[in-house]
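Trainee: I have a structure open and would like to talk it through with you. Could we go over it together?

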Amino acid sequence: LQSGLGNEDTLAEILGAGRVLGGVTHAGGVLLRPGEVRFSGREKKTYIGEMDGQLTARLEAVVRLFNAAGLNTEGTAHILEAIWNKLLVNVAVSALSAITRLAHGGMGQVPEVRQCALEAVREAVGVAKACGIRLSASAEDPAKVWETATRGLPAEHKSSMLKDIEKGSPTEIDAIAGAVVRYGDRCGIPTPVNSTLLACLRGIEFAQRG
């Protein structure tokens, strides 16, 4: 359920593809201290699925366990689509909020920031299509992705990537903008906007380690 794209591939390399389910969650959580997490968004969906699209008995078993634990979970035959749909939301806000240090309300008030977000999403959509990834209709529209990313959130809400930067922690940039760049390279699609966001975040992380 880690944010971004490519985590399943990393696990499969170590554990074997047959031992890995893909997943994505729209619920939120805050690590208060080791072993204690504040969970929010019980009404928000979590999706899990076999990477080959099969609806298997083990998938059904895990869905039951997740729901019993309080996660509103659904099995899907299209997990890669679900992961990409969430990835596009992260592409819209995560890196830009961390670079500018703006909360969601501030991002919406700076036209250049919003435009950069739309361009990053448009670029990622082009990569997904070139690589044969099926997206939902709303995910193909950068303006709707931006609305999804910011809808219902208070102006002071900060992305998890901005919180990571504020804490001096490593970010998930390699699995977000970095994933768009890698898929773009694989499918022959230029990704200058996401490459720039990736470079900026890596530079910030390097400076913080300094």
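**Around His26**

Mentor: Let us start with His26, which, leaving aside its neighbours within four places in sequence, is in contact with Lys44, Lys45, Tyr47 and Lys86. Keep in mind throughout that this is a predicted model.

Trainee: Where is the place of His26 in the chain?

Mentor: His26 sits in the loop between strand S1, residues 21-25, and strand S2, residues 28-33.

Trainee: And how far apart are His26 and Lys86, in sequence and in space?

Mentor: They are 60 residues apart in sequence, while their C-alpha atoms are 8.0 Å apart in space.

Trainee: How is His26 classed by its relative accessible area?

Mentor: His26 has a relative accessible area of 36%, so it is partly exposed.

Trainee: What about Leu31, which residues is that one in contact with?

Mentor: Leu31 has its place in strand S2 and, apart from neighbours within four places in sequence, is in contact with Glu36 and Val37. Its separation from Lys86 is 55 residues in sequence and 21 Å in space, C-alpha to C-alpha.

Trainee: Is Leu31 buried or exposed?

Mentor: Leu31 is exposed, because its relative accessible area is 62%, and the cut-off for that class is over 50%.

Trainee: Let me zoom out. How many helices and strands does the chain have?

Mentor: The chain has nine helices and five strands, and from the N terminus on the elements run α-β-β-β-β-α-β-α-α-α-α-α-α-α.

Trainee: What does the radius of gyration say?

Mentor: The chain has a radius of gyration of 17 Å, and a compact globule with 210 residues would have one near 17 Å, so the two agree. Along its principal axes, the C-alpha trace spans about 50 × 40 × 35 Å.

Trainee: What share of the residues is buried?

Mentor: Buried residues make up 40% of the 210 residues. As for the surface, the chain exposes about 11100 Å², of which carbon and sulfur atoms supply 54%.

Trainee: And among the contacts between residues at least 6 apart in sequence, how many join residues at least 24 apart?

Mentor: Of those contacts, 68% join residues at least 24 apart in sequence.

Trainee: Take Leu88 then, what is in contact with it?

Mentor: Leaving aside neighbours within four places in sequence, Leu88 is in contact with Val121, Ala124, Val125, Leu135, Ala139 and Val145.

Trainee: Switching to charges, how many salt bridges does a search of the whole structure find?

Mentor: The search finds eight salt bridges. One of interest here joins the side chains of Glu81 and Arg134, at 3.0 Å from N to O. Glu81 lies in helix H3 (residues 79-100) and Arg134 in the loop between helix H5 (111-130) and helix H6 (142-150), so the pair ties together parts that are 53 residues apart in sequence.

Trainee: Is Glu81 buried or exposed?

Mentor: Glu81 counts as buried, at 17% relative accessibility, since the cut-off for that class is under 20%.

Trainee: What separates Arg122 and Glu119 along helix H5?

Mentor: Arg122 and Glu119 are three residues apart in helix H5, which means they are separated by about one helical turn. They form a salt bridge in which the closest N and O atoms are 2.8 Å apart. Arg122 is partly exposed at 41% relative accessibility, and Glu119 is partly exposed with a relative accessible area of 31%.

Trainee: And which side chain does Glu36 meet in a salt bridge?

Mentor: The side chain of Glu36 meets that of Arg33, at 2.4 Å from N to O. Glu36 is partly exposed, with a relative accessible area of 35%, and Arg33 counts as partly exposed at 47% relative accessibility.

Notes:
Residues are numbered from 1 along each chain as its sequence is written. This is a predicted model: local features need pLDDT of at least 70, side-chain atom pairs count only at pLDDT 80 or more; totals for chains, interfaces and linings use all residues. Side-chain values use heavy atoms; hydrogens and water are left out. Helices (H or I, at least four residues) and strands (E, at least two) are DSSP runs, numbered from the N terminus. Buried means under 20% relative accessible area, exposed over 50%, partly exposed in between (1.4 Å probe, protein chains only). Contact means heavy atoms within 4.5 Å. The radius of gyration is taken over C-alpha atoms; the globule rule is 2.2 Å times the number of residues to the power 0.38. Accessible areas come from the Shrake-Rupley method with a 1.4 Å probe; for residues, only the protein chains shown count as cover. A salt bridge is a side-chain nitrogen of Lys or Arg within 4 Å of a carboxyl oxygen of Asp or Glu.
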